[in-house]
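Subject: A structure for you to look through

Dear colleague,

My notes on what was found follow it.

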Amino acid sequence: MMSMIAPGANGITRYAHLIRTRKYVAVISMDNRGGSFFSVTGWSTFIDRKNATPEWIGENLRRALETSRDLFMEWGGYPLPQDKIDAEKKKSGPLFHEFWEKVREKYGFKEARDARCKSALVFINWECEQTDQVRFAASKGRGTSHSAWYTNENEGKVFHASFNASNEEFGEVALQALDVCRPNYL
């Protein structure tokens, strides 16, 4: 049985999402501000699926994690200052929409939402002050979103790799996690 640990109990945690569709692969840096949100300053990028080598995935995931911010820790934990949350939301929302609009344009989706929804997603987190081990958790599609598997369904769906592994090794573990996702392709 896995116990839940309060946010910040193990120091800074960095987050990223890895998304794969039939057309592209995207790496997205996420910031923690009482939840995981599109990063205002982090590294987010995408590439044609056929060009998404393990090296490319590893290199870009590492960069996304390095640039992810843990505002929960930066702001001193709960209660999070509402004015700072609002300011981040004001910056994050437009950047999120801009990113997905670029994906929509490049790959010919009718709407940006369609570009996000027909995908497999891996939740990635790293407690960088505690370990070099990065956690890759495969998701299951839920129509237009993704969720974690229930604990009793997690077998074979969570992977770990050293942050210090080669880009290729890091990317290979990420691909293993993608391969066991239940995508929500329509």
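**A buried arginine and its partners**

R69 is buried, with a relative accessible area of 18%, where buried means under 20% relative accessible area, exposed means over 50%, and partly exposed lies in between (1.4 Å probe, protein chains only). Before going further, please keep in mind that this is a predicted model, in which local features need pLDDT of at least 70 and side-chain atom pairs count only at pLDDT 80 or more, while totals for chains, interfaces and linings use all residues. Residues are numbered from 1 along each chain as its sequence is written, and side-chain values use heavy atoms, with hydrogens and water left out.

Which residues does R69 pair with through salt bridges? A salt bridge here is a side-chain nitrogen of Lys or Arg within 4 Å of a carboxyl oxygen of Asp or Glu. R69 forms one with D31, where the closest N and O atoms are 2.8 Å apart. R69 lies in the loop between α1 (54-67) and α2 (71-74), whereas D31 lies in strand β2 (residues 24-32), so this pair ties together parts that are 38 residues apart in sequence. Helices (H or I, at least four residues) and strands (E, at least two) are DSSP runs, numbered from the N terminus. D31 is buried, as is R69.

R69 also forms a salt bridge with E88, and there the closest N and O atoms are 2.6 Å apart. This pair again links distant parts of the chain, with E88 in helix α3 (residues 82-107), 19 residues from R69. E88 counts as buried, at 6% relative accessibility. Through shared partners, salt bridges join D31, R69, E88 and K91 into one network.

**Strand β5 and its neighbours**

Strand β5 (residues 120-126) is mostly covered, since six of its seven residues are buried. Strand β1 (residues 14-20) pairs with β5 in the antiparallel sense over seven bridges, where two strands are said to pair if DSSP finds at least two bridges between them. One of these contacts joins R20 to its bridge partner A120 in β5. On strand β6 (residues 133-138), β5 has another antiparallel partner, this time over four bridges, and V122 has A138 in β6 as its bridge partner. β5 and β6 form a hairpin, with six residues between them.

**From strand β1 to helix α5**

The structure holds eight salt bridges, and one of them joins D179 to R20, the closest N and O atoms being 3.0 Å apart. This pair links distant parts of the chain, D179 being in helix α5 and R20 in strand β1, 159 residues apart.

V173 and F159 are 14 residues apart in sequence and, C-alpha to C-alpha, 6.8 Å apart in space.

E168 is found in helix α5 as well, and this residue is partly exposed, with a relative accessible area of 39%. E55, E168, E169 and E172 form a negative surface patch, and helix α5 (residues 167-179) gives the most to that patch, with three residues. Patches are made of residues with over 30% relative accessible area and no salt bridge, with like charges joined within 9 Å and nonpolar side chains (Val, Leu, Ile, Met, Phe, Trp, Tyr) joined within 5 Å.

With best wishes

Note on methods
Areas by Shrake-Rupley, 256 points an atom, 1.4 Å probe, with all protein chains shown as cover. Lys, Arg positive; Asp, Glu negative; His and termini not counted. Charge placed at Lys NZ, Arg CZ, Asp CG, Glu CD.
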